[in-house]
Amino acid sequence: MTDRTLLLFIFFLVVFTTLKGQEKVDLVVFGDSSKVGSVKQVVLTGTIVQADSKTPLGGASIFLDGLKYGNNSDYYGRYLIELPPGTYRLTVRYLGNIPIHKKISIFKNGVLHFEMVEKPKVLEEVIISARTSDENIKEISPGLVQLGIKEIKRIPALMGEVDVVKSLLLLPGITTVGEGSGGFNVRGGATDQNLVLMDNGQIFNSAHALGLFSNFNPDVTEEFTLYKGNIPAQYGGRASSVLNVRTRDGDFSKFHVKGGIGFLSGRAAVEGPIVKDKTSFLVGGRVSYSDWILKTVKNLDVQNSSASFYDFNANVTHRFSSGGNISLRYYQGHDYFRYSNQFGYDYTTQLLSLRWNALLGNNWGSTFTAAQGKYTSKLFDLDVTSAREFSNGVSYTQLKQNFLHTYKEVHALNLGVEANLYNSLPEKSQPYGSNSTTTAQQLKKSDGREFALYANEEYTVNSIFSFSAGLRYSYFQSLANDTVYLYQPGLSRSISTIIDTLHYSRGQVTQTYGGFEPRFSVRIGTGKNAAFKLAYNRNRQYIHLVSNTTAPTPTDIWQLSNSYFKPQIADNFSVGFFQNFKENKFEFSAEVFYKALTNIVDYKNSAQIILNRHLETDVLQGKGKYYGLELYVKKNTGYWRGWASYTFSRAFNQINGATAEDKVNNGNWYPSNYDKPHNFSLTASHYLGRHMTFAANLTYTTGRPITAIESYYYGNEISIPVYSERNKYRIPDYWRVDISVTVNSVFKKIDDNLVFSVYNFFGRRNAYSIYYQEIYGQQTLQAYKLSVLGSALPSITYNINF
């Protein structure tokens with residue numbers, strides 16, 4: 001081949017490739033070029049959403065070819081670009097989606113919305129996430145967990161029910177007391193030290209069925225984010241972590257119905273447009289029907305028991321032509337449990353929230369949220385003559401205004417103000433049934449107001465160095481409801497040491513607290529796929545869960561800070577190293593944390609919690625120190641996927657009051673109720689073909705601390721126990737294996753699947769607690785192990801989407 005022939009071949013190849021690669025680009029015109037006049041800048045704004053579900057796409061990039069103008073969409077899919085009048089070629093890109101190209105002639109402010117279509121998926125492309133594959137490296141804060149509902153659907157779950165909280169327990173630093181316990185513990189903290197948000201509103205009890213299920217319907221949930229290392233300044237009010245759960249908007253263009261039915265519960269969700277491309281709705285609900293299983297148990301008390309729950313979500317969202325949107329969301333969950341004719345629980349959560357997003361121009365955005373919530377619980381004592389109903393609860397109103405300023409991908413500033421108005425519902429005890437001989441009682445409780453101002457800046461200096469710095473100032477007012485008791489100085493608080501009584505009118509301020517809460521995080525890149533991160537933050541907590549049980553129960557009391565309950569203050573430190581391998585196929589992280597707390601809550605021996613007018617006489621406050629190491633490795637792609645996590649952590653408390661009665665274990669450090677030194681989890685899924693997936697979990701934790709009976713003596717022909725020091729012993733270690741097989745496309749031309757799962761595959765009788773009974777006729781106390789789920793639990797769940 002001659003040089004001339006070669007040059008001609010290359011020329012025609014280039015021309016052919018160029019012509020073949022040319023795309024049809026739509027032209028969109030805003031305004032008239034002849035009427036521009038002296039206008040130097042115009043604004044292009046709008047939203048970027050997924051075409052099929054209309055889910056907002058945060059982090060999508062918008063660029064104008066040949067110029068340096070561009071931006072990224074925010075968390076709610078909003079974008080704003082300022083540019084000179086003219087004609088441009090605009091490109092929108094988002095991971096896993098087909099790029100959009102448009103030609104625009106813009107001579108006045110314009111609004112342009114984009115709907116992105118996912119690329120055709122191959123077998124290995126099962127999860128499309130808003131997070132890039134190296135987000136764990138680029139993210140500034142350590143200890144950040146963000147998962148979409150699609151990812152956790154691959155994890156085996158109890159009775160085939162996908163669960164947000166259960167999936168968290170497979171990650172490092174997150175544990176629970178045991179099966180049948182509500183809530184979760186983060187890095188040794190108590191359950192009330194976690195701020196749980198659903199659509200920006202607080203949830204005080206995140207569990208159904210005493211912890212077997214969470215409140216979050218998987219068909220309604222979009223994603224969740226857990227902050228356990230560095231908590232941004234826009235969040236506050238809890239000492240350990242923030243779990244932010246976001247539910248979905250309804251589809252703006254098409255109607256969809258999805259649901260599932262299993263052994264214990266069924267669920268359904270309906271969504272679609274009210275006004276196409278403008279207003280949408282989403283309604284979802286779950287209901288349980290587990291009594292039939294109880295009837296199969298041989299124990300008569302269990303056969304005569306009853307357990308049920310339901311929850312309901314309703315979302316309405318409207319888009320404005322200016323690029324903003326407004327949404328109204330409602331949630332209600334209810335649980336009922338009765339054990340034979342002995343006792344029962346009944347508790348309800350209600351939440352109404354409003355969110356208004358608006359674009360203000362010059363890269364400024366505004367988000368206003370308002371929420372009103374209520375949590376009520378009841379305990380039934382069903383003894384015929386002493387039957388009673390005990391009730392308590394808390395309600396609140398929350399207002400928050402946040403302003404966000406962004407510039408390209410290097411700067412994000414959040415400024416805002418927040419107010420929470422808490423109303424403690426009275427504790428009540430009243431007769432239950434016509435044969436009850438008990439008398440009605442009522443105890444008024446103090447209310448409170450919490451205010452906060454905050455600013456949080458995230459700045460990327462270059463590819464190596466970035467930081468986040470925030471400052472929050474919180475202020476709390478305790479509002480009297482009736483009476484405050486004064487006690488003899490230098491003596492332990494008790495009824496006998498009361499020296500005076502102060503009477504206040506309702507709503508009068510009796511005590512105030514406040515202070516600054518600095519937040520800081522630094523990321524230092526140590527290579528293309530590696531980073532070193534460190535963080536510090538201080539948090540103040542003005543509301544406490546008062547309970548003399550290790551696991552939360554519906555009878556627990558939410559107590560606001562007052563003259564005797566000081567706010568808990570936590571200083572959190574964490575350092576971590578993060579690295580990805582083989583083009584982000586594998587993730588690895590190692591984090592070390594230390595947490596120092598003051599004013600943690602603990603109790604005197606035999607504390608009386610319910611209807612105690614002098615609750616401060618049974619409650620003690622002291623110090624806590626929690627520290628540990630977290631290791632995490634994850635495989636993101638391939639036929640085998642999953643992760644393994646290991647946590648070594650210790651959690652110690654110290655209650656060292658001025659008197660002997662105000663000390664625990666003589667004022668020495670002792671393990672907290674949530675001290676579990678070793679915690680290992682392994683979860684894996686394997687694609688067996690286009691229509692089948694196998695998944696398995698392995699979980700191991702050290703047994704939690706308990707206070708045990710060491711000896712006993714007899715008096716008046718009864719056994720009188722002598723207890724050990726607090727939390728001196730432990731229950732046996734816990735381990736469990738779960739498996740599941742998911743079969744997709746059960747019926748042709750239908751988007752459905754069938755899930756076969758076995759929870760606790762080996763039927764291990766893991767100990768939940770230890771209790772003692774006297775052996776009849778032998779005057780001997782015998783220890784017994786209580787297991788909540790002591791056998792394998794198989795299930796079949798059918799899910800459908802159309």
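**Exercise 1. The interface of the two domains**

Task: How much area do domain 1 and domain 2 bury between them, and how much of it is on carbon and sulfur atoms?

Solution. 
- Step 1. Take the buried area. In this predicted model, domain 1 and domain 2 bury about 2000 Å² between them. Of that area, 44% is on carbon and sulfur atoms.
- Step 2. Find the elements on one side. On the side of domain 1 that touches domain 2, the elements giving two or more residues are β2 (42-50), β4 (70-72) and β5 (78-83).
- Step 3. Sort the residues of that side. Eight are nonpolar, nine are polar and seven are charged.
- Step 4. Look for salt bridges. Between domain 1 and domain 2 the count is zero.

**Exercise 2. Placing the domains**

Task: Where do domain 1 and domain 2 fall in the chain, and how far apart do their C-alpha centres lie?

Solution. 
- Step 1. Read the bounds. Domain 1 covers 22-116 and domain 2 covers 135-801.
- Step 2. Compare the centres. The C-alpha centres of the two domains lie 41 Å apart.
- Step 3. Count the residues in contact. Domain 1 gives 24 residues and domain 2 gives 28 residues.

**Exercise 3. Salt bridges across the sequence**

Task: Which elements hold D311 and R286, and which hold R472 and E418?

Solution. 
- Step 1. Start with the total. The structure holds 18 salt bridges.
- Step 2. Take D311 and R286. Their side chains meet in a salt bridge of 2.6 Å, N to O. D311 sits in strand β22 (residues 306-319) and R286 in strand β21 (residues 279-288). The two are 25 residues apart, and the pair links distant parts of the chain. Both D311 and R286 are buried.
- Step 3. Take R472 and E418. Here the salt bridge is 2.9 Å, N to O. R472 belongs to strand β30 (residues 465-479), E418 to strand β27 (residues 411-431). This pair is 54 residues apart and also links distant parts of the chain.
- Step 4. Check burial. The cut-off for buried is under 20% relative accessible area. R472 has 1% relative accessibility, so R472 counts as buried. E418 has 9%, so E418 is buried.
- Step 5. R187, K228, E591 and E630 are linked by salt bridges.

**Exercise 4. The surroundings of H405**

Task: Which residues does H405 touch, not counting those up to four places away in sequence?

Solution. 
- Step 1. H405 is in strand β26 (residues 388-407).
- Step 2. Decide whether it is buried. H405 has 18% relative accessibility, so H405 counts as buried.
- Step 3. List the contacts. Beyond residues up to four places away in sequence, H405 touches N362, N363, W364, H411, A412 and L413.
- Step 4. Pick out a polar contact. The side chains of H405 and H411 are joined by one of 2.7 Å.
- Step 5. Relate H405 to E661. They are 256 residues apart in sequence and 54 Å apart in space, C-alpha to C-alpha.

**Exercise 5. Positive phi**

Task: What is phi of L611, and what is phi of N727?

Solution. 
- Step 1. Read L611. Its phi is near 50 degrees, positive in a residue other than glycine. L611 is in the loop between β38 (586-603) and β39 (619-635).
- Step 2. Read N727. Its phi is near 55 degrees, again a positive value in a residue other than glycine. N727 is in the loop between β46 (718-723) and β47 (729-730).
- Step 3. Check burial. L611 is buried, with a relative accessible area of 17%. N727 is buried, with 6%.

Note on methods. Residues numbered from 1 in each chain as written. Predicted model: local features only at pLDDT ≥ 70, side-chain atom pairs only at ≥ 80, totals over all residues. Heavy atoms only, no water. Domains from an automatic or database assignment. Contact = heavy atoms within 4.5 Å. Buried area = accessible area lost by both parts, 1.4 Å probe. Salt bridge = Lys/Arg side-chain N within 4 Å of Asp/Glu carboxyl O. Helix = DSSP H or I, 4+ residues; strand = E, 2+ residues; numbered from the N terminus. Nonpolar A, V, L, I, M, F, W, Y, C, P; charged D, E, K, R; others polar. Buried < 20%, exposed > 50% of the residue type's maximum accessible area, 1.4 Å probe, protein only. Polar contact = N/O pair within 3.5 Å; in protein donor to acceptor, adjacent residues only side chain to side chain.
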